[in-house]
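Please read the sequence and the 3D structure below together. The paragraphs after them go through the fold in steps.

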Amino acid sequence: MILTDQASAVIAKSQEIFASSPAILESINLIEQRLEGPLRVAIAGKVKAGKSTLMNALVGERLAATDVGECTKVVTWYLDGHTYQVMLNPKDGSAPVQARFHRDEGALDIDLGGRPSTEIDRIEVTWPSKTLRQLTLIDTPGIDSLTESIGTRAFEFLDPEDRATPADAVLYLMRHIHGSDLRLLEAFHDDSMAEPNPVNTVAVLSRADEIGAGRLDSMASSRRIAKRLGADRRLKRLVQVIVPVAGLLAETAASLTEWEYKALRELASVPPKSLEPHLLSADRFISASPEIPLTSLEREELLGRFGLFGIRLSLAMLRRNVVESSAELAAELGVRSGVSELLDLLTTLFVERTDVLKARSALLAIETICTDNSQIVGSQDLLLSIEETLAGAHPFAELRTIAELRSDQIAGSDEDVADLERTLGSSGTMSSTRLGIDDSASASDIRDAAITQLGRWQRLIENPFTSQDLATAARVAVRSLEGILAVGQ
Ligand SMILES: Nc1nc2c(ncn2[C@@H]2O[C@H](COP(=O)(O)OP(=O)(O)OP(=O)(O)O)[C@@H](O)[C@H]2O)c(=O)[nH]1
Ligand SMILES: [Mg+2]
């Protein structure tokens with residue numbers, strides 16, 4: 001039986017068991033609906049890490065308010081839908097109310113109707129969007145410290161004490177590696193499968209353009225830093241991968257205006273030598289300088305939209321005629337922001353695994369309900385069968401084994417560990433990706449590679465010097481390879 005069917009069967013059974021408790025049934029129905037909908041990805045990180053900007057970049061529209069405003073303090077869900085709508089879900093459990101909104105330079109200005117943000121559990125924005133069709137994005141308030149109240153709200157959302165987390169996967173933004181980031185990430189984990197494990201957590205080295213002080217090689221430097229961070233043992237146990245992204249560039253690229261393009265062209269017409277001193281810092285760029293085009297205010301506006309790096313990069317491309325229209329400039333900035341790579345990664349790691357991640361969340365949510373209501377007849381039996389499914393289903397075994405391999409719990413050569421992780425689907429679940437061969441490989445190439453690799457792991461399992469743990473991990477990989485061969489038949 002495939003995993004989603006198993007999860008549906010568990011849900012159906014729980015509906016029977018809790019038939020006489022309307023409140024519990026309501027929670028179960030929500031879990032059931034969730035199994036149908038897109039994967040839910042929470043965007044988390046410390047205050048001003050660039051979460052809302054990246055959310056906008058992913059959606060391709062400037063929706064979330066950045067910087068200021070009451071709304072940045074509330075968990076906000078962005079869902080696909082036919083109409084544009086904003087709903088407020090009050091904390092006291094009363095019915096959601098529709099909110100009025102208007103767009104201020106694109107960003108949604110939501111009228112909370114005089115309600116303090118502390119009384120709102122979450123805002124739900126429905127917006128027709130291609131990205132949102134595949135992923136529901138959840139923008140969370142910045143986490144400043146574990147005790148700070150707004151941060152605590154984000155934290156409660158990701159690590160609620162009384163229920164399974166509403167997110168299936170987490171995108172964690174960090175500007176530098178920080179002890180407090182590691183503590184926060186660790187707090188999302190515990191020994192159960194309930195918390196994000198490396199497989200459903202991707203880290204983003206955010207505001208990557210600022211890393212090299214806005215120099216033209218900033219993105220290259222941040223790529224090197226991300227690579228180094230990715231090898232950090234502490235981080236490796238917590239996240240799948242870390243990628244650098246300049247969310248601001250991507251957000252601007254998605255909403256570039258003709259005025260912005262013209263303004264940059266004007267600046268590009270100034271000889272580089274005269275302009276260079278003004279590009280050394282934000283202050284210098286916006287200070288009154290009659291010798292360069294545009295007013296201070298206009299330059300300030302450009303700076304807020306592009307950042308120093310974005311301005312330097314755009315000017316360099318305009319001067320060399322790499323781009324000759326606003327559309328071309330937007331496309332180049334989008335590519336260089338790293339956001340398209342992030343989207344690809346989200347597809348490989350999350351979207352391709354949607355069913356497994358959603359089934360996992362659903363089973364864990366029902367598990368919580370059964371544990372909390374263990375006095376109800378039948379709940380204990382259901383708990384057992386959930387445990388069996390979590391322990392027995394192969395996709396879950398893959399997730400667990402990847403997590404163990406990444407947390408160095410399994411002793412093995414670097415090569416064996418890396419190849420096992422890949423075979424288990426850590427870089428994507430396509431057969432060619434698992435086998436580490438070209439995407440265009442033919443069915444018979446795939447078959448040959450699978451047979452060869454199957455032999456390699458079987459020999460490893462049979463070798464008396466192989467540790468128990470490594471042999472167990474290799475057995476899971478053997479099953480994954482057998483799965484590839486079975487599909488190919
Ligand atoms: N240079 C640069 N600035 C960025 C980037 N992303 C965000 N910013 C700026 O950083 C500030 C904070 O960005 P937000 O997207 O509001 O950050 P946030 O994490 O949502 O902030 P809170 O919700 O308040 O915690 C804004 O001024 C953004 O313009 C980026 O990639 N590069
Ligand atoms: Mg925000």
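What follows covers the sheet, the helices packed on it, the nonpolar cores, the ligand shell and a few single residues.

This is a predicted model: local features need pLDDT of at least 70, side-chain atom pairs count only at pLDDT 80 or more, and totals for chains, interfaces and linings use all residues. Residues are numbered from 1 along each chain as its sequence is written, while chains are lettered from A and ligands numbered from 1 in the order in which they are written.

The sheet comes first. Nine strands make up an open sheet with mixed pairing, in the order E4-E3-E7-E2-E8-E1-E9-E10-E11. Its edges are strand E4 (97–98) and strand E11 (242–245), each of which pairs on one side only. Helices (H or I, at least four residues) and strands (E, at least two) are DSSP runs, numbered from the N terminus, and two strands pair if DSSP finds at least two bridges between them. In general, strands of a sheet pair through backbone hydrogen bonds, either parallel or antiparallel.

Strand E8 (135–139) shows both senses of pairing. With strand E1 (residues 39–45), E8 pairs in the parallel sense over five bridges, and Ala42 stands opposite Ile138. With E2, E8 pairs in the antiparallel sense over three bridges; here Trp77 is the residue opposite Ile138. Strand E2 (residues 76–79) is also joined by four bridges to strand E7 (residues 120–126), and these two run parallel. In that pair, Thr76 stands opposite Ile123.

Why is E8 largely enclosed by the rest of the structure? Five of the five residues of E8 are buried, so the strand is largely enclosed. A residue is buried if 20 or more other C-beta atoms, placed from the backbone, lie within 10 Å of its own, exposed if 12 or fewer, and partly exposed in between. Leu135, Leu137 and Asp139 point one way from E8, Thr136 and Ile138 the other way. In a regular strand the side chains alternate between the two faces of the sheet.

Next come the helices on the sheet. Helix H7 (residues 218–230) lies across strand E10 (201–206) and E11, running at about 165° to E11. Helix H15 (residues 339–349) touches E8, E10 and E11, and its direction makes about 150° with that of E11. Such angles run from 0 to 180 degrees between N-to-C directions, with axes fitted to C-alpha atoms, for helices over the stretch in contact; contact means C-beta atoms, placed from the backbone, within 7 Å.

The largest nonpolar core has 88 residues, and Val41, Ile43, Leu137, Tyr172, Val204, Leu363 and Ile366 touch the most other members. Helix H16 (residues 354–372) gives this core its largest share, 10 residues. Another core, of 19 residues, lies apart and has Leu405 and Leu481 among them. A nonpolar core is a set of buried Ala, Val, Leu, Ile, Met, Phe, Trp, Tyr and Cys residues joined through C-beta atoms within 7 Å.

Ligand 1 is surrounded by 19 residues, the closest being Gly50, Thr66, Gly142, Leu248 and Gly307; the criterion is a C-beta atom, placed from the backbone, within 6 Å. Helix H3 (51–59) and helix H9 (247–254) each supply at least two residues of this shell, and H3 gives the most, with three.

Lys48, in the loop between E1 and H3, has a positive phi of about 60° although it is not a glycine. Lys48 is partly exposed, with 17 other C-beta atoms within 10 Å.

Terms used
Two residues are in contact if their C-beta atoms, placed from the backbone, lie within 7 Å.
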